[in-house]
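Trainee: Could you walk me through this model before I start working with it? I'd like to know how the terms are defined as we go.

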Amino acid sequence: MTTFTLPKLSRRAVFLGLTAGAWSTGARAADKLPVVTVLGDSITAGLGLPARDALPAQLQGALERLGVRTAVRGAGVSGDTSGGGLARVDFSVAADTAVCVVALGGNDLLQGVDPVRTKANLKRIIEKLKARRIRVLLAGVRAPPLIGASYARDFTGLYPALARETGVAFHPDFVTGVIGVPNLMQRDGIHPNAAGARLIAERLAPRVATALRTTV
């Protein structure tokens, strides 16, 4: 009787082989749903939170509670500025995306980036997405006056102005009412906890639902 010696496989290879069918089935199911991609920073990435509590999962849940079934993808990179988002938008936002929520600018604010530059970066992101026939929902950031009244005014104002200029949907005050509220924040005082992420998602979901119904 001839014997055969099987090649030694890594745990990862075995795992991938066993789960390939499940992943492909899940992918086929997800492909039938409209895709929402959230292009953002650490808040989108869910820094400090398990995936189930991070903004993308919370947004998908909030949309489902509104009767809107979607596949929400997070495209958040911790520390990303509007410039970082611009550099990666072409590969971070997949072609099958129906709506992209552009939630960038918080780190520009923390770094004191010129609002003119932030606006130019965000405008280019929007232009790239629109050229690919991806609907855009721009999430606004409100700057606190304590950083300087003039800078705060210019920074806060760039978002509604840009939405008007580009004709995209706009969600003002993306994290207002969450950032700085102790019971909605993690211990670092910078990032939302699960309850904070849920509140952000619940306020964002109706605008995403409207954007999904809008034709390009």
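Mentor: Let me begin with burial: buried means under 20% relative accessible area, exposed means over 50%, and partly exposed lies in between, using a 1.4 Å probe and protein chains only. On that scale, buried residues make up 44% of the 216 residues in the chain. This is a predicted model, in which local features need pLDDT of at least 70 and side-chain atom pairs count only at pLDDT 80 or more, while totals for chains, interfaces and linings use all residues. Residues are numbered from 1 along each chain as its sequence is written, and side-chain values use heavy atoms, with hydrogens and water left out.

Trainee: How many helices and strands are there in the chain?

Mentor: The chain has 8 helices and 5 strands, taken as DSSP runs numbered from the N terminus, where helices are H or I with at least four residues and strands are E with at least two. Along the sequence they follow the pattern α-β-α-α-β-α-β-α-α-β-α-β-α.

Trainee: And the core, which residues touch the most other members there?

Mentor: In the largest nonpolar core, which has 28 residues, those are V36, L59, L63, F174 and V208. A nonpolar core here is a set of buried Ala, Val, Leu, Ile, Met, Phe, Trp, Tyr and Cys residues joined through side-chain atoms within 4.5 Å. Two or more residues each come from strand 1 (35-40), helix 3 (55-65), strand 3 (97-103), strand 4 (135-139) and helix 8 (194-213), and helix 8 gives the largest share, 8 residues. There is also a second, separate core of 25 residues, which includes L104, L109, A143 and Y151.

Trainee: What is F174 in contact with?

Mentor: Taking contact as heavy atoms within 4.5 Å, and leaving aside neighbours within four places in sequence, F174 is in contact with I43, L55, A103, A139, G140, I200, R203 and L204.

Trainee: How do helix 3 and helix 8 cross?

Mentor: Their axes, which are lines fitted to C-alpha atoms over the stretch in contact, with angles running from 0 to 180 degrees between N-to-C directions, come within 8 Å and cross at roughly 50°. That makes helix 3 oblique to helix 8, because angles under 35 degrees count as roughly parallel, over 145 as roughly antiparallel, 65 to 115 as roughly perpendicular and the rest as oblique. Residues of helix 3 including L55, L59 and L63 meet residues of helix 8, among them I200, L204 and V208.

Trainee: Which way do helix 4 and helix 6 run, parallel or antiparallel?

Mentor: Helix 4 (residues 82-92) and helix 6 (residues 115-131) pack at about 15° with their axes 8 Å apart, and they are therefore roughly parallel to each other. Among the residues making the contact are L86 and V89 of helix 4, together with L122 and I125 of helix 6.

Trainee: Changing topic, is T70 buried or exposed?

Mentor: T70, in the loop between helix 3 and strand 2 (71-76), is buried, with a relative accessible area of 1%. Not counting residues up to four places away in sequence, T70 touches L33, P34, V36, Q60, L63 and L212.
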